[in-house]
Amino acid sequence: MKSSYREALRAGIRDAMQRDPGVFLMGEDVGIYGGSFAVSLGLLEEFGPERIRDTPLSESGFVGAGIGAALGGMRPIVEIMTVNFSLLALDQIVNNAASLLHMSGGQFHVPLVIRMTTGAGRQLGAQHSHSLEGWYAHIPGLRILVPATLEDARGMLWTALEDPDPVLIFEHGSLYNVAGELDDNAGPVDIDTAAIRRPGSDISLITYGGTLPAVLDAAEQLAGEGIDAEVLDLRTLRPLDEATILASVTRTHRAVVVDEGWRSGSISAEISARITENAFYDLDAPVGRVCSAEVPIPYSKHMELAALPSVEQIMAAAREAAGARG
Amino acid sequence: MTDPMSATRSPLDPEHGRHLLLQMLRVRQLEEKCVELYSAVKIRGFLHVYIGEEAVAAGVLETLSPDDAVVATYREHGHALLRGVAAGAILAEMYGYAEGCCRGRGGSMHLFDAATHFYGGNAIVAGGLPLAVGLALADKMAGRSNVTVCFFGEGAVAEGEFHESLNLAALWQLPVLFCCENNLYAMGTALGRSESQTDIALKAAGYEISAWAVDGMDVLAVEEAARRAVDAVRSGGGPHFLELRTYRFRAHSMFDPERYREKAEVVRWQERDPITLLRSSMEAAGQLAEEDWAQLQADAEAEISAAVDFAEAGTLEPVEELTRFVYSERSAP
Ligand SMILES: Cc1ncc(C[n+]2csc(CCOP(=O)(O)OP(=O)(O)O)c2C)c(N)n1
């Protein structure tokens, strides 16, 4: 069936609500308004205001309430409009959700799922455009999911809800309108492994979420230049599927990490470090990185584009790595 | 709590009435132009217009001195304009051009202007309140008699930063005027669906802050209440709070299908259009002739159309400048 990424997410929420009466969705404008990015449109009519629960503008309050409800045996899905606003709830996410299990000596699980939009590309300026999922991947106790495909948009939620620990799902804003074929029987997917979206033998292009389409595009063009690139979609930023990353790099001997986050202290730095720690002698070139410019994302189109990883930059980094002598 | 003094209204000086009408018309025409330019794909990103709420900014900003500070939200084009930022610089900003008040880096939600002490343009709901408290703290510590005015929507009342800011301002007796623009909806969430206590002035009073609710469609009432509040703040009376009851006539942003309110409700509020209200009462009092009104409209139109020309002639900031201003530029030793 034809589906957009947005519809696939909605199908995942509907499915979870039907499977388990303990599942409910709460967040700002998820009900009457229909969701700030229209993900939950129509669900209020289907499930009612108890389970599609509009909240006031109180990110710290309702994320904390989600943690409490999870402790109390419910299976909440909390929606935060965008990752920038999740910073108002950072205390609850880091100091409570991520820490309670360990701090309580294993007594209290927090089976909470938090969904939020991330990323730039829509001229929304510095307070609505950042990619902070890599930051969250720094926090032990959290699982970080970054669905880039329709199957993952549809299937990651239920698996996340079955996880006894807090899971954050980052939906890149540029993906909502992406449409394609989704199997009628599409359902839950694993949330442990990275996926090879395009096999190749010359170089591993490692990415996730919003930059996957650009990386696939770059890989196609590189094929025309005689560089056969493998494209790896991380799918989960924490815990990282190190085995799949290392297996790919061990085959191709070259790697470029593409990440819309900033370069310094980032998930791309982490991946590069893991490769050099574990596969250094298999490398024929230094690990390359393509990240966003280290600036708050600007409003004007040309400046925003200049700040974000581009297909050209990805190709240039791949060429450089491929050209390096082994 | 309604303003105990709201009954005492001094007679309107026609000159001043016309000035307030012009101020509101300038905002109205700027905003209508913005909507048009958004449809024409000249302006991008999120765009939030202030149509229907003009009396609030016009009435309050009228009472400030040049050294006072203003903090606003993403619905701030009108505040910027009435604070003295040139309409051309505002529009050029929304076009993303270097001639904009933030070089095109901020856009519609992030207008800033140091010359007029306009501290933005904040797109995090309630994010401006702590800033306003700090600006007022600086004024108090430096012994300056400035006032900081902070505008925010009623949606912000649910955020922790609202409560933390009111408490700090009261605790330290800071020279800040909080102006809550209560337009009844935060995106699609009606006030009654987000607050257990919907009397907002009462919440402020809970922090020992003098607070009044004011008819935000009546620019004269707004101005009078703001003048008394600003005078009190400036003379060391500590923080004050105005709840300005108003309504946004348009959608929350350009992406809002308005599923949460009835058309009839919008129409009811439009009958209290702040511009029409003042215009009619002045006409009835014989203070506004047909030609006066035509002249005001023509003046506003001329300004906005010149601003569009200015923006249209704008240029892109060179991409090489992208990493400028992440850190302060220091002159060589
Ligand atoms: C912290 C935070 N949460 C959510 C949003 C998304 N958002 C933007 S405007 C808005 C409604 C705010 O309503 P209100 O404060 O009443 O101001 P109004 O838009 O009515 O002027 C929301 C929910 C945001 N910008 N910041």
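This is a predicted model: local features need pLDDT of at least 70, side-chain atom pairs count only at pLDDT 80 or more; totals for chains, interfaces and linings use all residues.
Ground rules: residues count from 1 along each chain as written, with chains lettered from A. Local features need pLDDT of at least 70, side-chain atom pairs count only at pLDDT 80 or more, totals for interfaces use all residues, and side-chain values use heavy atoms.

**Exercise 1.** Work out how much area is buried between the domains, and which domain 1 residues lose the most.

*Solution.* Take the accessible area (1.4 Å probe) lost on putting the two parts together, summed over both. That comes to about 2100 Å², with 57% from carbon and sulfur atoms. On the domain 1 side, Gln123(A), His130(A) and Val146(A) lose the most, together 25% of what that side buries.

**Exercise 2.** Count the salt bridges and the residue pairs in polar contact between the domains.

*Solution.* First, look for a Lys or Arg side-chain nitrogen within 4 Å of an Asp or Glu carboxyl oxygen; you get two salt bridges between the domains. Arg197(A) and Asp152(A) also pass that test, at 3.2 Å, N to O. Then pair up N or O atoms within 3.5 Å, one able to donate a hydrogen and the other to accept it, with sequence neighbours counting only through side-chain atoms on both sides. Across the interface, 17 residue pairs qualify, both partners at pLDDT 80 or more.
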